[in-house]
Amino acid sequence: MLDVQKIRKDFPILNRTVNGKPLIYFDNAATSQTPQQVIDVIVDYYSNYNANIHRGVHSLSQEATDAYEQARLKIQKHFNAKHAHEIIYTAGTTHSINLVANGFSSLLKKGDEIIVSALEHHSNIVPWQMLCERTGAVLKVIPMNEDGELVMSAYDALLNENTKLVFVNHISNALGTINPIEYIIEKAHAVGAAVLVDGAQSCPHLKPDVQALDVDFYVCSAHKICGPTGVGMLYGKEAWLNKLPPYQGGGEMIAEVTFEKTTYADLPHKFEAGTPNIAGGIAFGAALDYMNGIGFENIATYENELLAYGTEQLLKIEGLKIYGTAKEKTSVISFNVANIHPYDIGTILDKMGIAVRTGHHCAQPIMDFYKIPGTIRASFMFYNTKEEIDAFIIALKKAIMMLS
Ligand SMILES: *Cc1c(COP(=O)(O)O)cnc(C)c1O
């Protein structure tokens, strides 16, 4: 069981008011809040051992390097990667995806096929379009149905010997759908294609096991799992990471440099050019510690309760339609009310201290599918409460009254 009132004390921001009202933060799918334990780690780094890593012989540099590499081990353990050097620190999900997409430029040829899903975030569409432009590969899309689920029979039909890569998010940020990635990975491997899973939305809610999934690449951002912005990770199977060329040139990623030729450093450093976000990496590890301390099973159970309660309460409102009614989904509710513009509702909710997201959620193709400009999205984390949902429903009804 999860003690929400105790947990809420860990998050200083939850004490603040917005427009004179207590903050109700329901924009967790955009970024999560940061507990004091993680904030303390960042403050401790800059207060006590800020130094550049992997280079210095001096003590501060050693301490910083140790903490940064310890955090990499925590990430490895959390995702159950076989080797620590299969974990590459990046600036986040978008950076991780671009790193892989760029690497595949030299591995693809004209006529090769890449499959993405209709449920993707823009950051998982645009890099592949750019890759197709560079290589002459063709982009195919797994369609979705009215419930916001991917149509697996259509996926089966897309796969063939030209398929080289499949890219899919584990959980859709716009609708909360949990995609059947086990099936997707197995089928892709059967035709010899590699799979990259975007875990930006899954990592806050569940604990992926990259070896059990047998996934080739898995990516996420720390800021959606109670960590800081500007840091994330790329997991890649060792064999794939060895095959991909480096993404950026610079310090840290080289073994030897002359003007004639540079040889690259071993994994993971080959992909980690320049001074990284050191405090961010260390805090990423602390964020995983924090979430594991609460326990992902407890988190899932509690968030499912919030999802069920929120869905039930929202559906009582006349004219309200929820988008994304997949059987398997996480605590994201995307909805519209009659023909009121989502932005107008979002603005009034903010006046009442409630943070929700409105718009296309970086997933315009999904909005096109439903023929709507956008939705209002309420997304819950384990520190939210049923009482907050009640206050949100009252505020929403007020907003609807004002706007109709
Ligand atoms: C947030 C998100 C991204 C982008 O993450 P960044 O941290 O902005 O790079 C990509 N995919 C999904 C599913 C997301 O939710």
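This is a predicted model: local features need pLDDT of at least 70, side-chain atom pairs count only at pLDDT 80 or more; totals for chains, interfaces and linings use all residues.
## Ligand contacts

An oxygen atom of the ligand is placed 2.7 Å from an N or O atom in the side chain of lysine 224, a polar contact in the sense of a pair of N or O atoms within 3.5 Å. The protein covers 86% of the 380 Å² of accessible area that the ligand has on its own (Shrake-Rupley method, 1.4 Å probe).

Residues are numbered from 1 along each chain as its sequence is written, and side-chain values use heavy atoms, without hydrogens and water.

## Ligand surroundings

The residues around the ligand are Thr93, Thr94, His121, Ser123, Asn173, Asp198, Ala200, Gln201, Ser221, His223 and Lys224, each with a heavy atom within 4 Å of the ligand. This shell comprises one nonpolar, eight polar and two charged residues.

## Overall fold

The chain contains 14 helices and 17 strands, taken as DSSP runs (helices H or I, at least four residues; strands E, at least two). Its C-alpha atoms fill a box of roughly 70 × 55 × 35 Å along the principal axes.

For 404 residues, a compact globule would have a radius of gyration near 22 Å, and the chain agrees, with 22 Å. The radius is taken over C-alpha atoms, and the globule rule is 2.2 Å times the number of residues to the power 0.38.

Definitions and conventions. A polar contact is a pair of N or O atoms within 3.5 Å; within protein, one must be able to donate a hydrogen and the other to accept it, and residues adjacent in sequence count only if both atoms are side-chain atoms. Ala, Val, Leu, Ile, Met, Phe, Trp, Tyr, Cys and Pro count as nonpolar, Asp, Glu, Lys and Arg as charged, and the others, Gly among them, as polar.
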